[in-house]
Amino acid sequence: MVVICFSAAFVAVVLATRTHLYLTQYCRTVLWIAVIALMYNLVCRGYMMWYHPRWWFITDKLSQLIQIFVLFPCTTLLFLRYMPSSLGRRLLHFALFLGIYSAFELVLVLSHEIEYYHGWAFGWSILLDSCMLFVMWLHDQNWRLSLGFCGLVTSLFLAWFHVPFDT
């Protein structure tokens with residue numbers, strides 16, 4: 001339920017601010033974030049770091065798909081469209097979005113709509129959200145650097161959490 005409400009709120013903000021008109025400008029980054037999220041679901045199938053328990057008809061996979069195809073694109077559009085030019089304001093912008101995502105994760109934890117496995121914890125989610133936001137900005141600036149950064153971060157996470165490749 002929290003994922004649906006949070007995603008609906010982001011869609012409402014995107015529509016209210018007419019940010020959806022900028023989709024063509026940020027389309028490559030929106031798609032890149034979706035690809036990364038889908039890769040997580042592919043690589044970690046059978047060894048998920050987190051799981052959304054079933055809520056009525058919303059299964060874990062449906063919850064993941066809502067995040068990948070609704071929440072993350074809306075986040076990417078809002079994050080990049082309103083990115084300030086000065087470094088100080090950029091850091092505040094980053095902190096604002098990280099705070100929003102941290103609050104979202106905290107509500108998921110408190111409402112028992114997310115379960116962590118294999119050593120994953122709330123702090124790891126915040127670190128991953130930080131990486132996601134940085135990748136959004138980096139991909140918009142230089143997609144080649146974002147590929148390298150994603151490869152490095154993915155390799156570190158896979159090694160740290162001992163994700164098997166035979167699942």
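On a 1 Å grid over the protein atoms alone, a cavity is a set of points where a 1.4 Å probe fits but cannot get out, whereas a pocket is an open set with protein on both sides within 12 Å along at least five of seven lines, and lining residues are those with an atom within 4 Å of a point. Grid points are joined across faces, edges and corners, and a volume is the space filled by probe spheres set on the points. The structure described here is a predicted model, in which local features need pLDDT of at least 70 and side-chain atom pairs count only at pLDDT 80 or more, while totals for chains, interfaces and linings use all residues. Residues are numbered from 1 along each chain as its sequence is written, and side-chain values use heavy atoms, with hydrogens and water left out.

By these criteria the structure holds one cavity of 30 Å³ or more, and the volume of the largest cavity is about 80 Å³. The lining of the largest cavity consists of Met1, Val3, His52, Pro53, Trp55, Ile58, Thr59, Asp60, Ser63 and Glu113. Five of these lining residues are nonpolar, three are polar and two are charged, where Ala, Val, Leu, Ile, Met, Phe, Trp, Tyr, Cys and Pro count as nonpolar, Asp, Glu, Lys and Arg as charged, and the others, Gly among them, as polar.

Two or more lining residues come from each of helix 2 (23–43), helix 3 (60–81), helix 4 (87–110), helix 5 (122–141) and helix 6 (143–160), helices (H or I, at least four residues) and strands (E, at least two) being DSSP runs numbered from the N terminus. Helix 2 contributes the most to the lining of the largest pocket, with nine residues. In the classes given above, this pocket lining comprises 29 nonpolar, seven polar and two charged residues.

The residues of helix 4 that are buried (under 20% relative accessible area, with exposed meaning over 50% and partly exposed in between, for a 1.4 Å probe and protein chains only) are His93, Phe97, Leu98, Tyr101, Ser102, Phe104, Glu105 and Leu108. Helix 1, helix 3, strand 2 (115–116) and helix 5 are among the elements that cover these buried residues, contact meaning heavy atoms within 4.5 Å. Helix 4 is followed by His112, which has a positive phi near 60°.

Aromatic rings form 17 pairs in the structure; rings of Phe, Tyr and Trp (its six-membered ring) pair if their centres lie within 6.5 Å, and planes under 30 degrees apart count as stacked, over 60 as edge-to-face and the rest as tilted. The ring centres of Trp50 and Trp120 are 5.2 Å apart with the planes at 50°, so this pair is tilted. Because Trp50 lies in strand 1 (residues 50–51) and Trp120 in the loop between strand 2 and helix 5, the pair ties together parts that are 70 residues apart in sequence. Trp50 and Trp120 are both buried. In the pair of Trp124 and Phe157 the centres are 6.0 Å apart and the planes stand at 70°, so the pair is edge-to-face; Trp124 belongs to helix 5 and Phe157 to helix 6, 33 residues apart. Trp124 is partly exposed at 24% relative accessibility, whereas Phe157 is buried at 14%. Ring pairs join Tyr40, Trp50, Trp120, Trp124, Phe157, Trp160 and Phe161 into a cluster.

Several residues in loops complete the description. Tyr22, in the loop between helix 1 (2–16) and helix 2, is partly exposed with a relative accessible area of 30%. Not counting residues up to four places away in sequence, Tyr22 touches Leu77 and Arg81, and the C-alpha atoms of Tyr22 and Leu77, 55 residues apart along the chain, are separated by 7.2 Å. Arg18, found in the loop between helix 1 and helix 2, has a positive phi of about 60° although it is not a glycine. His118, placed in the loop between strand 2 and helix 5, likewise has a positive phi, near 60°, and is partly exposed at 40% relative accessibility.
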